[in-house]
Amino acid sequence: MAAPATSRTIGQLLKQGWNEIPEILASTGLAVVGIAMGTIGCYNYVKSDGDNRRYKNIYVIMRPDDPRVEKIRKN
């Protein structure tokens, strides 16, 4: 006869996992936090025009009516 199926909650599974494999759960939590911080950092970089380097490897010629001209920093 098969054992009856038990319904476990997420909290119970996390508690059991923390007791059995705490290294895996801790590193998974840190990985999720790191991925979230990296995503937010990349979003802020693109949002604030972070690729506006003062010196580039190649010259770029822009027309005066190009919207990127207004973002050029002259410091």
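Accessible areas come from the Shrake-Rupley method with a 1.4 Å probe. In this predicted model, the chain exposes about 7500 Å², and carbon and sulfur atoms supply 63% of that area. Buried residues account for 4% of the 75 residues in the chain. The chain contains 2 helices and 0 strands.

- I10 has a relative accessible area of 61%, and because exposed means over 50%, I10 is classed as exposed.
- The relative accessible area of Q12 is 42%, which lies between the limits of 20% and 50%, so Q12 is partly exposed.
- A polar atom of the Q12 side chain lies 3.1 Å from the backbone nitrogen of T9.

**Helix α2 and the residue that follows**

- Helix α2 covers residues 22–47 and has 26 residues.
- From its first C-alpha to its last, helix α2 reaches 37 Å. This span is close to the 38 Å expected at 1.5 Å a residue.
- Just after α2, D49 adopts a positive phi of about 55°.

**The salt bridge**

- Side chains of opposite charge can pair when their charged atoms come close.
- The structure holds 1 salt bridge.
- The partners D65 and R63 form a salt bridge in which the closest N and O atoms are 3.3 Å apart. That distance falls within the 4 Å limit, and therefore the pair counts as a salt bridge.
- D65 and R63 are both exposed.

- V69 belongs to the segment after α2.
- When residues up to four places away in sequence are left out, V69 touches M62, R63 and P64.
- R63, one of the residues that V69 touches, is also the residue with which D65 forms a salt bridge.

Definitions and conventions: Residues numbered from 1 in each chain as written. Predicted model: local features only at pLDDT ≥ 70, side-chain atom pairs only at ≥ 80, totals over all residues. Heavy atoms only, no water. Helix = DSSP H or I, 4+ residues; strand = E, 2+ residues; numbered from the N terminus. Buried < 20%, exposed > 50% of the residue type's maximum accessible area, 1.4 Å probe, protein only. Expected span 1.5 Å × (residues − 1). Salt bridge = Lys/Arg side-chain N within 4 Å of Asp/Glu carboxyl O. Polar contact = N/O pair within 3.5 Å; in protein donor to acceptor, adjacent residues only side chain to side chain. Contact = heavy atoms within 4.5 Å.
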